[in-house]
Amino acid sequence: MDNPSTADTDSAIETRGIEPVPDHERRGRVRELFPTWVAANISVLLLTMGAALVVFNRLSFWQVLIVAACAALVSFGMVGLVSVSGKWGGAPGATLSRATFGVRGNLFPGAVLWVARFGWETINAVTGAYAVLTVLDLVFGVKSNTALIVITLFLFVGCTFLVSGMGRKALNVCNTWSTYLFGVFSVLVLGYLIATIHWSEVFAKPAGTTAMMIAGIGTIAAGGISWVPTGPDFARYLPHAASGRSIVGVTVSGAGLVVVPMVLMGAVMAVASPGLADAADPVSFLGDLLPTWLAVPYLLTAVVGMLLINSLSMYSAGFTAQTMGVKLPRALAVSINAVISLVGGLLLMLVAKSFLGSFITFLTLLAVSFSAWIGVYAVDMFRRRSRAVRYDAAALMDTGRSSRYWYAGGFCWQAMVSWVLALLTGLAFTRCDWFAGPLSDTPVGRYGLAWAATIVISAVIMAVLPAPRENTSATAEQNAEQNAGQNAGQSGLPAEHTERVTV
């Protein structure tokens with residue numbers, strides 16, 4: 001009879017949930033992360049964001065290049081660093097953070113990250129649906145209407161749900177092929193732009209201010225920051241011997257390979273069509289800028305890319321849902337996100353007046369909400385750099401008082417205080433379409449550095465507070481009981497008799 005764990009690892013559909021991956025199943029390779037982070041960035045929204053850097057931030061071509069490179073390095077550098085903890089603990093980030101915040105305390109930042117992920121999935125679902133509508137218009141002349149919007153969005157979210165439900169192996173295969181396809185068509189689009197764009201106009205754009213460059217880095221980096229807590233999800237099948245530096249390098253290079261050229265292409269396109277920066281539909285402009293023979297396959301590839309982005313996001317969201325106490329298998333837990341993405345997408349496509357305004361506002365709030373978690377988790381992870389104090393697999397799954405990560409009433413007060421204060425301060429520095437914090441007129445607020453300040457504040461507070469004390473006595477008792485049971489099995493005596501003899 002096959003070992004269930006082995007069967008699960010080798011099967012096409014992954015059934016493992018939030019429980020840590022046993023060492024004998026850790027057969028992943030670091031290079032598998034490369035297509036994952038390429039696919040996580042295949043979004044035409046990067047073109048719109050690149051255009052916004054030229055139209056609204058008034059940056060030159062070379063400034064956009066610097067902004068895109070810095071944003072990819074900073075945001076996905078953090079993704080790579082936090083991913084190393086997935087190799088240490090063999091569990092998703094939502095589960096590992098129980099060791100940081102406590103088994104009960106983890107529910108609060110987990111809830112915030114879960115809600116923020118709803119918005120990210122909704123934005124991507126809407127963009128994918130717009131891409132499909134544009135293809136239908138270009139190929140068949142079918143114009144968008146309310147019924148078609150509903151059908152298209154429903155099909156896109158449904159496909160996302162199916163792919164994310166299949167699990168890690170299916171995602172790896174899809175990511176690899178989408179990387180190849182997207183690479184080919186991106187090269188074709190880039191070649192077309194090189195041949196047709198008036199480059200004298202592109203390079204004639206005057207340079208913008210340093211403040212606008214810094215703000216631009218924050219806007220582009222927000223997408224990468226949203227992936228930081230989920231980095232361990234894709235590294236948990238890596239063996240302990242996997243190189244941490246390689247994990248960071250592959251993560252940054254995979255993301256940068258897409259982010260930098262896509263943002264630059266958007267900046268170049270903005271010269272020919274400045275309106276794409278604030279278009280109600282963030283995709284249809286490609287049908288105007290590119291010939292049909294190139295626009296259609298490129299958009300279809302982009303649809304696949306955005307479907308995979310949402311699949312990766314929902315894959316991780318399933319873990320978050322299970323950590324929050326949703327009593328469903330991971331594949332079914334993602335259905336919650338799918339339903340919310342569908343409802344939110346319909347509101348954004350049928351009711352919202354400005355897609356870009358909603359998108360930039362969402363990115364701003366997204367970055368702050370994720371940054372508070374990042375600073376606290378990073379300090380806790382640094383303290384666990386010694387293998388002797390790394391994650392306890394049994395304790396991660398124990399949500400009772402006997403858990404090593406029970407701390408005080410299930411809360412690590414140091415982590416909770418750091419997270420709450422940093423989150424509130426970060427929002428105070430934030431200015432967006434929906435509100436302006438009381439500190440938004442300070443240099444931090446004007447430069448769009450609320451996310452960076454949030455990371456620093458949460459990390460500093462966590463570092464200066466007394467180091468948390470884990471409930472190691474309960475863990476020792478559990479280990480003693482397990483050892484007693486093993487000894488009893490080997491000696492043929494009942495466990496109770498063995499304990500009396502040992503005493």
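Predicted model: local features only at pLDDT ≥ 70, side-chain atom pairs only at ≥ 80, totals over all residues.
Helices, as named here, are DSSP runs of at least four residues, numbered from the N terminus.

- Ser60 is placed in the loop between α3 and α4, the latter running over residues 61–89.
- Ser60 has a relative accessible area of 10%, and because buried means under 20%, this residue counts as buried.
- Once its neighbours within four places in sequence are set aside, Ser60 is in contact with Lys205, Pro206, Ala207 and Gly208.

**The helix α4**
- With 29 residues at 1.5 Å a residue, α4 should span 42 Å, and this agrees with the 43 Å that lie between its end C-alpha atoms.
- Of the 29 residues of α4, 21 are buried, so the helix is largely enclosed by the rest of the structure.
- Gly90, which comes just after α4, takes a positive phi of about 65°.

**The largest pocket**
- The largest pocket holds about 690 Å³ of space, and its lining is made up of 32 residues, of which Ala215, Thr219, Ile360, Thr364 and Arg431 lie nearest the centre.
- At least two lining residues come from each of α3 (45–55), α11 (210–225), α17 (355–383), α20 (443–446) and α21 (450–464), while α17 gives the most, with eight residues.
- By residue class, the lining of the largest pocket divides into 20 nonpolar, nine polar and three charged residues.

Note on methods. Residues numbered from 1 in each chain as written. Heavy atoms only, no water. 1 Å grid on protein atoms, 1.4 Å probe; cavity = no way out; pocket = protein on both sides within 12 Å on 5 of 7 lines; lining within 4 Å. Points joined across faces, edges and corners; volume = space filled by probe spheres on them. Nonpolar A, V, L, I, M, F, W, Y, C, P; charged D, E, K, R; others polar. Buried < 20%, exposed > 50% of the residue type's maximum accessible area, 1.4 Å probe, protein only. Contact = heavy atoms within 4.5 Å. Expected span 1.5 Å × (residues − 1).
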